[in-house]
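This report covers sheets, strand pairing and helix packing. The sequence and structure come before the text.

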Amino acid sequence: MSSIKGCFVFKPSAKKKKKKKTSVDLEYHLPAGHFLSQCCSQNVTGCMKCFKQDLQDELNRNILDSLLEFTRKCSSTRRHGDWASQMRASEIPTAALVLGVNVPDHDMTFQSLSELLRCSVTPHVASLQAKECGALKHLMKRVLERLMDAVVDDEEEEEEEEEIQHSGALLHKSVHCSLRALCDWYCSKTKKRSSSAVDEQQQLPVVIIFKDLEAFNPKVLQDFILICSRYLDRLPLMFIFGIATSPSIVQRMLPHSVSSLLCLELFQSLSCTQHLTTVIDKLILTHSFPFKLNGKVMQVLVSIFLYHDFSVRNFIKGLQLALLEHFHSQPLSSLCCRKKEAQIQLQQLGAADLERIRQLPSFNRCKNEQEQQEQDNLRTDDAYLKEVCQKLLKALHKYHKNYYPILRCLHTLTSSLPRYPLGKQVRELHLICLEKNVWESEDYQTAMKLLKMLAKDELISLLQKCAEVLQPVKSKKMKNALTLLEMNESRRSKRMSPFEVLRNEVVEFVDGLVKNHLLPPESKPLYEVCYYSSSATVRRHLNATPRTSIQAALSSPYCYIQNDILKSEDGSVSNAAPDICIAHKLHLECGRLINLFDWLEAYSTVVSAAEGNGPDSDGFGKVDEVKHARFIRAVSEMEFLGFIKATKKKTDHVARLTWGGC
């Protein structure tokens, strides 16, 4: 008898208790010698997490409050008996929540919304995604599972569930997959809540959230809405549609016969660019957060946001990555903390760390400006070096404290000028100031000329806004600047002396503030302890290039496998390399069309040399079944990776798809 082998698929049962994935925070394990940096990294990372959570709550507060009010209003509408309320009761209350195209950020918003609804409105909340609701029965099953917290039967899993029910495991009671079962469950819940008969005043809504409406199958969605509309008298349903594009998607997906069953209300969240502005304002453009980014790293993060995903969440992850890389790669990052803590950390530095300070380019520039005796003391006297560094760190913190108010003042004055010479967003002006002396640029000169042409009312309004920016700052220089601005404003209002003269004085005063306080951070000694500058590292981690990585692995397998046998020089590939590496190297020597037989012959020759066969041996270069199979597998892998494809021009040839560094 011949034995027949079969492969049978056993679908996992929903009854089996799924293991919850524990969320593990990203920890960056620093070398043992970086103990101080590790402590500071944990403090700064903790501060960033608190900032991020508070920021997320602040950004979503208005839209979430509006949605909560909408659910309460829809729930109370059912209590009234007037004609208008009865008409609305025959429709399903639906909130169309337009969140924008920053899809990676939507999960956090819906998670917060679900938690708020469960805490303050109703415990009956179910969140759905399109990928798990491909058919109507799947959608219905997910709704019942998440609302009833029970195992739902369907026809395909009936036999398997019967088998599991006979086991001794403690399982939830299974229910039939229908809205009638949900209605019965809801009635039982309502009766438990009320000691007497079902009280209409205590009916809690059943909220179903469709996270990604555009991705749902329109036919599945239509059928589900039609079914739900028939149970409204028994089940107080409510929908929330998560929309990434436009509210008109509801009309495009649902015909009038279905959309008329919905009582739609539109809710619009802030745009992702407004979210980004708030994040940058709270986390980057502030002196209270010690970690900073230089211009190139900042530009990489903003470019990824604007040209890839519009995700504020990913932007913050990029900022966290830069922070961790800074504390990992910079031993002096232990000084990247608040002023008092930095003074304490400075006194704990050892001889090796002090030598690293002496090697900093910014410190060398500052040292070379001193007299010879001063330079000798800085090179030899550790105690004196700590004393000088203490003053330099204090000056660096003072620089940051004055930099951001003046930056906002300059942005306030120039953001409304024609053609926005210094940018429309404050981040654009910040990038200019990080790269160079902003007052030396032509755009700055143009902005100053335009300011000298402003009318009286416009200039007074802008100066008042600048005064509001400087008001909360606890700095003597900023207080003096605020006083001078108010004096110029009062002089104009009390007497109408030649307005052009006073206007020029104000513009020149602002120009002086810019030149004193908006110097690039590279001009400040010890700026390296706070500023992260490796833009290439951030780009490599966040903006990956799979094709380059694949080609690097195939061309230099030693970099990944770390086997000494694979070491080679001059870009050649070792004979002992994996088959796909050998095939890749040989295909680089071919033209647009590759003859498979010639390719196989060349491959067999290389493999024979790797096996130790000499050119004079009988089996050298001969193709056996094993080599043939290995070659076919290597070619199939290269086709899968996109290096070659089959061609109809010649049946025994393949077409090459990549050239040069592509």
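An open sheet is formed by 3 strands in the order 10-12-11, with antiparallel pairing. Helices (H or I, at least four residues) and strands (E, at least two) are DSSP runs, numbered from the N terminus, and two strands pair if DSSP finds at least two bridges between them. Strand 10 (593-595) and strand 11 (644-646) stand at the edges with a single partner strand each, so one side of each has no neighbour in the sheet. Direction ignored, neighbouring strands of this sheet are turned by 40 degrees against each other on average. Strand 11 is joined to strand 12 (residues 653-656) by 3 bridges, and the two run antiparallel. Within this pair, I644 stands opposite R656 in strand 12.

## Basis of the values

This is a predicted model, in which local features need pLDDT of at least 70, side-chain atom pairs count only at pLDDT 80 or more, and totals for chains, interfaces and linings use all residues. Residues are numbered from 1 along each chain as its sequence is written, and side-chain values use heavy atoms, with hydrogens and water left out.

Strand 5 (residues 206-210) is mostly covered, as 5 of its 5 residues are buried (under 20% relative accessible area; exposed is over 50% and partly exposed in between, with a 1.4 Å probe and protein chains only). In a regular strand the side chains alternate between the two faces of the sheet. V206, I208 and F210 point one way from strand 5, while V207 and I209 point the other way. Strand 5 pairs with strand 2 (residues 125-128) in the parallel sense over 4 bridges, and V207 is the bridge partner of V125. Another 5 bridges join strand 5 to strand 6 (residues 237-243), again running parallel. Across that pairing, V206 stands opposite L237 and F210 opposite F241.

Axes are lines fitted to C-alpha atoms, for helices over the stretch in contact, and angles run from 0 to 180 degrees between N-to-C directions.

## Helix pairs

Helix 11 (residues 295-309) and helix 18 (residues 426-435) pack at about 150 degrees, with their axes 9 Å apart. That makes helix 11 roughly antiparallel to helix 18 (angles over 145 degrees; under 35 is roughly parallel, 65 to 115 roughly perpendicular and the rest oblique). G295, K296, M298, Q299, V302 and L306 in helix 11 meet R427, H430, L431, L434 and E435 in helix 18, where contact means heavy atoms within 4.5 Å.

The axes of helix 17 (residues 382-414) and helix 22 (residues 499-517) come within 9 Å and cross at roughly 140 degrees. Helix 17 contributes Y399, N402, Y403, I406, L410 and L413 to the contact, and helix 22 contributes V510, L513, V514 and H517.
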